[in-house]
Amino acid sequence: MTDLRSAGRGNSLAARDIASLVHPYTNLKVHEKEGPLVIQRGKGIYVYDDNGKEYIEGLAGLWCTSLGFSEERLVDAAARQMKQLPTYHIFAHKSHEPGIELAERLLKLAPVPMSKVFFANSGSEANDSVVKLVWYYNNALNRPKKKKIISRQRAYHGVTVAAASLCGLVNNHRDFDLPIANIIHTDCPHAYNFANPGESEEAYATRLADSLEAMIQREGADTIAAFIAEPVMGAGGVLIPPKGYFQKIQAILKKHDILFVCDEVICGFARTGNMWGAQTFDIKPDILTMAKALSSAYLPISAVLISEAVWKGMLTESEKIGTFGHGYTYSAHPVAAAVAVETLKIYEERDIVGHVRKMAPRFQAGFQKLAAHPLVGEAQSVGLIGAIQLMQSKQPKQAFDPKQMVGAYMAKRAQEHGLVCRALLGDRVALCPPLIITPEQIDDMFRRFTLALDDTAAMVRDKGLAAA
Ligand SMILES: Cc1ncc(COP(=O)(O)O)c(C=O)c1O
């Protein structure tokens, strides 16, 4: 491997990157040696590096660029708003039209009746805000003990202190001294990895619900404020829950007066074949968070939808205290809000939900075909999000040693073949392309994905990593 620092490339973008940037979710030491892939432009579902090489962005950036990389209408919406009112805030009774219009549109779009919208700038901030709102609400109701939030193993909800605590992934906690108090984790719902041999999906879902109820009883329902879930777990591996899971879970939460917080940061805006993941999985949330595809990720913006009951609690508490002491300088930033409004108009005009439904069978067929591959233990998708799980042995099920980084190898090979995809925990390799993808592009994406998979199978064979 070339060491870019000693290779005399002092002025290259790669060398300047190494000298100056901290990269999120990167092995910082390895990065010093290997340097970055520098992306210089984008068009449709493609991005191009500084050598002009083309890549299909098979993960829509970070599960977010729903409309691809060259939607002129979003650029124009930003420019128009920049000229009229480039920045303003909504603290202390101030407001502006893009913020109002976006809030109204989101309330109309919500999967269940919601009362108000709070804006932030990222998924992490939205989920962090939820933790505070849930505590504030229970203080308003004079329930000072009802503060714990149940999340799930392998969940991903962001990186700020509270949001990272909600995550159920070890690297979000380890050596960051997290999680904070009052956040607990229940089981990850994924049949391929965690159902017992011979257990039906229904029976497995019942077992998960029983386990949740046992946790609630152990902790005391009067200490538990909320439960948070992604409809499909994204960063945890693109894990689709077993049939009936959310119905069973919701019945228990209702019984114990526990709020349901639906994290739609990945699933929102048609990703799973409905406008919301909540609709695909029949979830009736009390609070819903969104980000990413809200603006096709062209500008940072996130939102929290709040039910009437929670809103009433916020009213009571802020009247008592004299203010609602929470919010960001850039909450409802007018340029980000204007771009988000334009994004929602495009979704409606182009029937983005209908397009995803038309593309989903072809996407699913691509995964189904890979299920027969000797290295693939599971291939699962819903809408336009899916993953394969690489296994050392399919029967009996045997995972690779994580140290062998087989999934990461496949993602690297994919990059060589002109496809950006993502290796996740447990050697799961994910695809989540821009929603504007066409049938021919889906085929090309799977062609590149399969080349990478075959390269990985060859490496496994050459290194003798496969089960005998
Ligand atoms: C489900 C989910 N929630 C929250 C977040 C955090 O969002 P952000 O990176 O914008 O803070 C992410 C990011 O990938 C996510 O996938």
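Me: A polar contact is a pair of N or O atoms within 3.5 Å; within protein, one must be able to donate a hydrogen and the other to accept it, and residues adjacent in sequence count only if both atoms are side-chain atoms. With which residue does the side chain of T272 make a polar contact?
Reply: This is a predicted model, where local features need pLDDT of at least 70, side-chain atom pairs count only at pLDDT 80 or more, and totals for chains, interfaces and linings use all residues. Residues are numbered from 1 along each chain as its sequence is written, and side-chain values use heavy atoms, with hydrogens and water left out. T272 sits in the loop between β8 (259–263) and α12 (277–280); helices (H or I, at least four residues) and strands (E, at least two) are DSSP runs, numbered from the N terminus. At 2.7 Å, the side-chain partner of T272 is T280.

Me: Which residues are around the ligand?
Reply: A residue is near a molecule if one of its heavy atoms lies within 4 Å of it. By class, the shell has three nonpolar, six polar and three charged residues. Here Ala, Val, Leu, Ile, Met, Phe, Trp, Tyr, Cys and Pro count as nonpolar, Asp, Glu, Lys and Arg as charged, and the others, Gly among them, as polar. The names are S122, G123, S124, N127, Y156, H157, G158, E230, D263, V265, I266 and K292.

Me: Which helix gives the largest share of that shell?
Reply: S122, G123, S124 and N127 are among the residues around the ligand. The helix asked about covers residues 123–140 and supplies three residues, the largest share of the shell: α6.

Me: How far does helix α10 reach from its first C-alpha to its last?
Reply: Helix α10 runs over residues 201–219 and has 19 residues. The expected span of a helix is 1.5 Å times one less than its number of residues. For α10 that expectation is 27 Å, and the helix comes close to it, reaching 27 Å.

Me: Which residue with a positive phi follows α10?
Reply: The buried residues of α10 include Y204, L208 and I216, and what covers the buried residues includes β5 (148–152) and β7 (224–229). After the helix comes a residue with phi near 95°, namely G220.

Me: How many of the residues of α14 are buried?
Reply: Helix α14 (residues 334–349) reaches 22 Å, close to the 22 Å expected. D351, with a positive phi near 45°, follows α14. The helix is mostly covered, with the buried count out of its 16 residues being 13.

Me: With the side chain of which residue does H190 make a polar contact?
Reply: H190 is in the loop between β6 and α9. Its relative accessible area is 1%, so H190 is buried. Not counting residues up to four places away in sequence, H190 touches Y204 and R428, among others. The polar contact spans 3.2 Å and goes from the side chain of H190 to that of E378.

Me: What is the omega of the cis peptide bond from L178 to P179?
Reply: P179 lies in the loop between α8 (170–173) and β6. S165, in helix α7 (residues 161–166), touches residues including L178 and P179. The L178 to P179 bond is cis, with omega near 10°.

Methods. Buried means under 20% relative accessible area, exposed over 50%, partly exposed in between (1.4 Å probe, protein chains only). Contact means heavy atoms within 4.5 Å.
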